[in-house]
Amino acid sequence: MKIQNTASPSFGTKINFIKSSKFIDIYSALKPRPIGYSAGVKPDLMTKSAFTNDIITCTGGIVNYGENFTLFHILHYLGEFVPEQFISSKAINIVLIGAAEKKPKSGKFQSQPSKLFEVVTEYFSEHNDNVSTLKHSDLAKSHIMYAQKTDTLFVYTDLWRLLKGINIVDNVNMLKEAFTEISIARCDDLLIDGVEVKRSDYPELFKPPAISELVAFV
């Protein structure tokens, strides 16, 4: 069964882009479980928060199962993605972030960030309409931290490859610089420093209503 959006979703993750100082403060308060490269925290009832850093060409994100969750960080090689780590059919919603492009390296293992991101997105979308995706531009680097109590994914993203000082995502224009593709699921909320980015103001950042929703208004 595929989990679909509803016209008035009662569940969903708050995707909150914040500054580094606030990210550090929340990290200090939560003391989240750290997640390394090509790894994911297994869903269990004991883990209430988790964190991973330096997502650039990798694909990271959160799979929310309701009572528990998986936060993950997959290196940019297709062979690193292990679908068996996840139970996509039982997920309530998913947020994916990363996959900055870079030139493939020669040799057996070639970097394929976009292909990996596509594969992961398709895998989760097969069972679930509630998939939010934020695909990096070649400038961006993100650190993510999830708090289960408030169902919030805190994101600190900077455009580290720009030479004119530190540039962070603290407004919608910078968000569009940092991500080439942004598609926020109907059940999720997008915030910048705790302030909601409204669908009515920036419809291009959000998934369009499902056909079932449009029929409901006819």
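Is Arg199 buried, partly exposed or exposed? Select Arg199: the residue is partly exposed, with a relative accessible area of 22%. Partly exposed lies between buried (under 20% relative accessible area) and exposed (over 50%), computed with a 1.4 Å probe on protein chains only.

The model is predicted, so local features need pLDDT of at least 70 and side-chain atom pairs count only at pLDDT 80 or more, while totals for chains, interfaces and linings use all residues. Residues are numbered from 1 along each chain as its sequence is written, and side-chain values use heavy atoms, with hydrogens and water left out.

Asp189 is in strand S12 and Arg199 in the loop between S13 and H4, 10 residues apart. Helices (H or I, at least four residues) and strands (E, at least two) are DSSP runs, numbered from the N terminus. Asp189 is partly exposed at 30%.

Next, select Lys22 and Asp193. Their closest N and O atoms are 3.7 Å apart, in a salt bridge. Lys22 lies in helix H1 (residues 20-30) and Asp193 in the loop between strands S12 (189-192) and S13 (195-196), so the pair ties together parts 171 residues apart in sequence.

Last, select Glu204 and Lys176, a salt bridge with closest N and O atoms 2.8 Å apart. Lys176 is in helix H3 (residues 172-178) and Glu204 in the loop between S13 and helix H4 (211-216). The relative accessible area of Glu204 is 45%.

A search of the whole structure finds 5 salt bridges.

Definitions and conventions
A salt bridge is a side-chain nitrogen of Lys or Arg within 4 Å of a carboxyl oxygen of Asp or Glu.
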